[in-house]
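Hi everyone, and thanks for coming. Please bring up the sequence and the model, and we'll walk through a few side chains together.

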Amino acid sequence: MNAKTISLGCLGLLCVGLLVVMFPIGLRQYRVQNQLQAIASAGDPISLSELGDRTPVSVWPMADKVDARSEIMEVIEPAERLSKKLQPYLNSDAAADLHRPLSAQNEALFEDAFQKHPEVLPALRDASHCQRYAWPSPLAPSGVMPPDQYMQVLLKEVSRLRMVGRLMLCGSRFLATKGKVDESAMLCVDLIRLTGLQETGPTVVVYQTNVAIRQSAINQLNAILQTQPLDPGTHAAIEQVLTEHESSDAFVHALKTERAYGIVSIQSMPAVLRVFSNQMPDYLASMQNQIDRGKTPPCDWSANRGPPTEVMTQAAMTAMDSCRASFERDRIRCRCLRILNAIRDQDLAATEVDLDQLGLPPEATRDPYSGRPLQIEPGRTELGQTEPGQIASGEGWRVHSVGPNPFQNTANQANSQDLGLAP
């Protein structure tokens, strides 16, 4: 066998080896492109350029006061000054203890702060009644922003949302202290409505921020409903805003926009890592599993497709699972608030509570973890914490879920405000 024959044989083996290596890679890339095309054909985003609000506000064919973000930005400077003024309260334990009256010191702080910036709260309430929230687009004069740059834009927006939420909650608590409990409750209703507008924003970071803000409003409404009588119109407004939120597809929207952000992030990886790893197929399959589950309650889930194999996808799915836990907590506590609101609206005693007679649809009283109705029990507030105008010292209601593990300690579940409401 001469050298030429040996060389040709080696070359042939090399070609076969390359074919063996490259064919699966090429096939995988072909399948990925088909997956991306299927996602795009379904009308879902696969690139950053499809996120945010791409239509300039100036060309919207609507009336004035359409964009909630524009309304907020008009008072952003006085809002920031008001927030700074309220920092001593916001940084104290009193901000988290909604069942105790404000101290004289904090009440004086609120009085002074809101008197010096009277324009802020009305503007924020106006924003909640707009038709949409124009999220910043990743499109810049130089082209589409890189993923990390766009995330910084979103994080700046998220920080502003948190500030707005804190100011509206402070306003609500101040009104309650002044005995204006219906106005206090309606300010919380406006905040929940505003979070609904803001949920058109992309990625799970935005979604979870809105959940956190909405849960703070629910905490405030719970503190009011557990102890204070409200007008029928206020009860009706609470039910309406919670009904609108129940039908929201914001969680699925967050997953789909997060997938687009993840796709672009993977595509921006070095070519060697992107081509020779299984990252993109693994990520797309895992995200599709999350999206397919959508808003399906955990009690109705079918078998999982199995854990992701790639390390980066595993980290991403940990974040998605955290977002799903936030979604379930939000869904449960909104339903608990609807039940508590109906009980208080009808002024029912413990012996009179019947879920079938509350006037709520069965879905609104269902526990996503058990598939059975949420649990309702009379509760008790700690004596000495009541204020003038409360329904009755020591009365209250516990409305809660069994949680993801129904075999956990019953007392722990019943007392957990993370998965329900309590006095």
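Let's begin with Asp 292, which sits in helix α13 (residues 279-293); helices here are DSSP runs of H or I, at least four residues long, numbered from the N terminus. Is Asp 292 buried or exposed? Asp 292 is exposed, because its relative accessible area is 55%, and exposed means over 50%, buried under 20%, partly exposed in between, with a 1.4 Å probe and protein chains only. Val 252 is 40 residues from Asp 292 in sequence, yet their C-alpha atoms are 9.0 Å apart in space.

A quick word on the source: this is a predicted model, where local features need pLDDT of at least 70, side-chain atom pairs count only at pLDDT 80 or more, and totals for chains, interfaces and linings use all residues. Residues are numbered from 1 along each chain as its sequence is written, and side-chain values use heavy atoms, leaving out hydrogens and water.

Now, the rings. How many aromatic pairs does the structure hold? There are seven. One of them joins Phe 110 and Phe 114, edge-to-face, with 6.0 Å centre to centre and 75° between the planes. Rings of Phe, Tyr and Trp (its six-membered ring) pair if their centres lie within 6.5 Å; planes under 30 degrees apart are stacked, over 60 edge-to-face, the rest tilted. Both Phe 110 and Phe 114 belong to helix α5 (residues 104-116), four residues apart, or about one turn of the helix. Both are buried. Together with Tyr 89 and Phe 174, Phe 110 and Phe 114 make up one aromatic cluster.

Methods: Helix = DSSP H or I, 4+ residues; strand = E, 2+ residues; numbered from the N terminus.
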